[in-house]
Amino acid sequence: MRFPFLSVLFFLPLLLGAEDLERASLHQQTALAELIQSLKSTREILVRSSGGGEPPPPNPFRNRQEFRLPPMPEKENPARRMEDLITRQEELNRKMRSSSEAQDLAGEQRKLRKEASELAKQGNLNLNSAEKAMTEAEKMLNSNKPAHALLAGQKAVSELRRRAKEFGEKADRRMRETLQRMQETLSDAMEHRRSGLPGTMKNMAHDLLAEAMDQHRSGKQTHADALARLAEKADHGARARKPLEAAEELSSELETLRMMDRSPEEILRTGTQRLTELGRQMLYSSRHPETMTPEEHRKLRSELRMELDDARLALSEILRSSGREESAETALNAARNALKLLSPYPASSHGGSAGKAASSSIAAETARLVAAAERTLGRIQISGTVSVFNPEDVPERYRKEVGEYFKRLSEKQQRKEKEKR
């Protein structure tokens, strides 16, 4: 492509008088700037309309402008690979019991040992004990000692299961922490910065997606999938016409996910044990602040906040499903009070008079929560008790009468419990 008017632009000042030189120079600069811009536009049009050649380079900002879920294949997830490894080791152990050709199985054991080594590196897992047991099993198989190999293989399965349990618990904890942090962020935005909800949800979408990828690489695939779906929902909410409604729906889904398929009673039962321990630590720190560094105290408060909020969720669900109940309401109020006391509690206050008083109050509210929650759990357990019988254990001629008896017994028991309340 040629631009003959370029020569005019460059030689125009020579054709003018000295008095017009300065003015001509300004016009020349303007013309050149517009020409350069037109050349850029022309190149962009040519590249876009070209039918052949290499495609234009991808926009580096595309991922920031458009939410896209990356691939997360299950077969690459360490938790799933661990499950598969355990299943295959168990199958190999069964072969050891029945096969007379032990040496033929040594190759299979060697393959599983190598896979365990690769998995340990990928998931940052300590599988040394399992690998050692697999090596021993392989050695015994090569020596045609299937009984000894079986013992080593069983130990390998036991070690793999132990590590899988630890791995799963760590992934669950990360999931709980992520969901709690996201819910706190969203609740704060809904309460104080409603105009900034779209931006908050957009940031949440990227944070949730990053956590999903972390769970995929070094956690549970189920958590990764759930977080990815939640990230997509947050992105849609950021672009919704009614962001507040979208945020409320997102908050509800966050709460549901935080239950992690556990019943409210189960959450409360396990939570009270942990809250008792954390409350005692908080009380001790209020009396002996020198025994805990500010960072250790920050971790204690973070752990306590998570357990308190889980208890709050469980108690709210119990009250929704069973109606008003004094002990549950007392426990819920205590949980809310403790959370309020924890919220404005800076690390710098640890050891001072204000920090001691706050720690003592938090410990007191936590103890009140635990006592009331235990009463609630006792009431749920009793009211859920019914008398049942197996009809097959009773001769057919008496089954109807026995069934009526157990029905009356259960009704009588439930009436007694209602009268106690």
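Let me start with a helix pair: α7 and α10 cross with a left-handed sense. Keep in mind that this is a predicted model.

How close do the axes of α7 and α10 come, and at what angle do they cross? They come within 10 Å and cross at roughly 155 degrees. Angles over 145 degrees count as roughly antiparallel, so α7 is roughly antiparallel to α10.

Now the residues that make this contact. From α7 we have Leu179, Gln180, Met182, Gln183, Leu186 and Met190. From α10 we have Leu244, Ala247, Glu248, Leu250, Ser251, Leu254, Glu255, Leu257 and Arg258. Sorted by class, that contact holds nine nonpolar, three polar and three charged residues.

Ser187 sits in helix α7. Ser187 is at 32% relative accessibility, so it counts as partly exposed. Ala247, in α10, is buried. Along the chain, Ser187 and Ala247 are 60 residues apart, yet their C-alpha atoms are separated by 8.7 Å.

Stay with α10. The helix runs over residues 243–259, 17 residues in total. Which residues of α10 are buried? They are Ala246, Ala247, Leu250, Ser251, Leu254, Arg258 and Met259. A general point on spacing: an α-helix has 3.6 residues a turn, so residues three or four places apart point the same way. Back to α10. The cover over its buried residues includes α7, α8, α9, α11 and α12. In residue numbers, α8 is 197–218, α9 is 221–238 and α11 is 264–287. After α10 comes Met260, with a positive phi near 50 degrees.

Helix α12 covers 294–322, and helix α13 covers residues 326–342. Their axes come within 9 Å and cross at roughly 150 degrees. That makes α12 roughly antiparallel to α13. The crossing of α12 and α13 is left-handed.

Who makes the contact? On the α12 side: Arg301, Leu304, Arg305, Leu308, Asp309, Arg312, Leu315, Ser316 and Leu319. On the α13 side: Ala328, Glu329, Ala331, Leu332, Ala335, Arg336, Ala338, Leu339 and Leu342. By class, the contact of α12 with α13 comes to eleven nonpolar, one polar and six charged residues.

Now to one residue, Gln109. Gln109 belongs to helix α5, residues 102–122. Is Gln109 buried or exposed? Its relative accessible area is 0%, and the cut-off for buried is under 20%. So Gln109 is buried. What does Gln109 touch, leaving aside neighbours within four places in sequence? Its contacts are Gln89, Leu92, Met96, Met134, Ala137, Glu138 and Leu141. For a distance, take Gln109 and Ala149: 40 residues apart along the chain, with C-alpha atoms separated by 9.8 Å.

Last, the whole protein. How many helices and strands are there? There are 15 helices and zero strands. The protein has 421 residues, and 37% of them count as buried. Then the contacts with a separation of 6 or more: residues 24 or more positions apart account for 73% of those.

Conventions
Residues numbered from 1 in each chain as written. Predicted model: local features only at pLDDT ≥ 70, side-chain atom pairs only at ≥ 80, totals over all residues. Heavy atoms only, no water. Helix = DSSP H or I, 4+ residues; strand = E, 2+ residues; numbered from the N terminus. Expected span 1.5 Å × (residues − 1). Buried < 20%, exposed > 50% of the residue type's maximum accessible area, 1.4 Å probe, protein only. Contact = heavy atoms within 4.5 Å. Axes fitted to C-alpha atoms, helices over the stretch in contact; angles between N-to-C directions. Parallel < 35°, antiparallel > 145°, perpendicular 65-115°, else oblique. Left-handed = near helix turned anticlockwise from the far one by under 90°. Nonpolar A, V, L, I, M, F, W, Y, C, P; charged D, E, K, R; others polar.
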